[in-house]
Amino acid sequence: MNASSHPHPESRQALTAGIICYLIWGVIPLAFQQMGAHGADPWEILAHRSMWGVVWAAGLVILARQSSQILAVLRDPRTFGFLVLSSLVIATNWVTYILAVNNGRTLDAALGYYLNPLLNMAAGAWLFREKITRIGFVAIGLAIIGVVIQTIALGHAPWISLILACSFSLYGIIRKRVSADAQTGLFIECLILSVPALAWVIWIQLSGQGHFGQDWTTSLWLLFSGPLTVIPLMLFSWAARRMPLSTMGFLQYIAPTMVFVIGMIQGEPLSLLRGISFGFIWAAVAVFTAGAVHNARKKAAAITEFEPGLVTTPQERNPDNRPD
């Protein structure tokens with residue numbers, strides 16, 4: 001077996017980072033539930049997430065030596081304006097997620113993140129004129145059927161799932177337009193959110209409604225919201241630049257699957273009709289993933305076949321040095 005058949009060490013590290021990232025996102029409902037069990041409501045959790053997130057994000061910026069980029073962003077009204085908008089969108093996503101998992105709606109949260117990649121595909125076609133294949137249309141169609149059945153089962157639209165999927169998709173669209181690295185953008189977003197967050201925490205602490213400092217356990221859980229926010233985003237950013245999109249396509253379903261299992265273990269009701277709706281969503285996910293893998297293999301084959309020097313050297317193609 002030649003050396004090229006072995007994965008590059010950095011590829012293995014990227015895969016490990018990606019898996020760890022999605023595993024953290026998969027268990028994050030348990031952390032928010034612990035904060036809620038100690039009395040913190042979703043707004044207080046969001047405030048602490050923003051406040052302590054900015055501390056950890058600042059550490060990442062310093063490690064990446066991107067301090068100068070922060071000043072450049074702050075001096076650019078357009079980039080800063082986009083980050084203000086993205087910070088509001090991600091705050092909506094965060095507080096909706098916390099509300100869901102702390103109020104017995106964990107299955108709704110899982111559904112939102114199953115839908116997100118499919119919504120991204122539709123948004124890419126609409127906004128960026130990206131081509132949707134027939135497989136893509138089948139996946140979107142199956143997802144729409146799943147959402148319709150879920151609506152019938154619930155008696156109303158699955159608003160939590162749709163808000164989570166739409167807000168995270170919109171966040172990605174906005175960040176595509178921001179000329180700042182992931183760490184810098186995250187730091188500025190947390191910095192923007194930390195201003196009202198700090199004001200809110202001070203107000204509830206002074207009015208006796210805050211839970212930070214009431215005991216060591218509660219305080220540590222609220223402090224933990226900082227690294228819990230920043231570390232998986234850092235791992236995701238690092239891994240996404242170093243592994244194929246098809247691999248990330250597989251990994252992105254680890255988190256909602258774990259969240260779904262958590263919801264089931266905690267006894268959230270899953271009627272037959274809701275189960276059927278999830279069946280359509282999972283079918284859409286399977287079709288979407290199969291399409292992503294197929295496209296990745298086609299691109300890899302095209303590169304191997306047409307890009308010179310990747311497979312054979314000129315001497316190997318013409319060992320006798322005959323003119324072509």
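## A pocket and some aromatic rings

Let's start with one side chain: Trp-221 counts as partly exposed, because its relative accessibility is 25%. The model you are looking at is predicted.

A second pair lies in helix 12 (residues 272–306), where Phe-278 and Trp-282 are 4 residues apart, about one turn of the helix. Here Phe-278 is buried at 0% relative accessibility, whereas Trp-282 is partly exposed at 34%.

How are the rings of these pairs arranged? A pair of aromatic rings is described by the distance of the centres and the angle of the planes.

| Pair | Distance of centres | Angle of planes | Arrangement |
|---|---|---|---|
| Phe-278 and Trp-282 | 5.6 Å | 40° | tilted |
| Trp-221 and Phe-224 | 5.9 Å | 65° | edge-to-face |

The whole structure holds 15 aromatic pairs. Elsewhere, one aromatic cluster is formed by Phe-32, Tyr-97, Tyr-113, Phe-168 and Tyr-171.

Which helices supply at least two residues each to its lining? They are helix 5 (106–128), helix 6 (134–154) and helix 7 (159–176). The lining includes Leu-115, Ile-140, Val-147, Leu-162 and Cys-166. By type, the lining residues are 11 nonpolar, with no polar and no charged ones.

Definitions and conventions:
Residues numbered from 1 in each chain as written. Predicted model: local features only at pLDDT ≥ 70, side-chain atom pairs only at ≥ 80, totals over all residues. Heavy atoms only, no water. 1 Å grid on protein atoms, 1.4 Å probe; cavity = no way out; pocket = protein on both sides within 12 Å on 5 of 7 lines; lining within 4 Å. Nonpolar A, V, L, I, M, F, W, Y, C, P; charged D, E, K, R; others polar. Phe/Tyr/Trp six-rings, centres within 6.5 Å; stacked < 30°, edge-to-face > 60°. Buried < 20%, exposed > 50% of the residue type's maximum accessible area, 1.4 Å probe, protein only.
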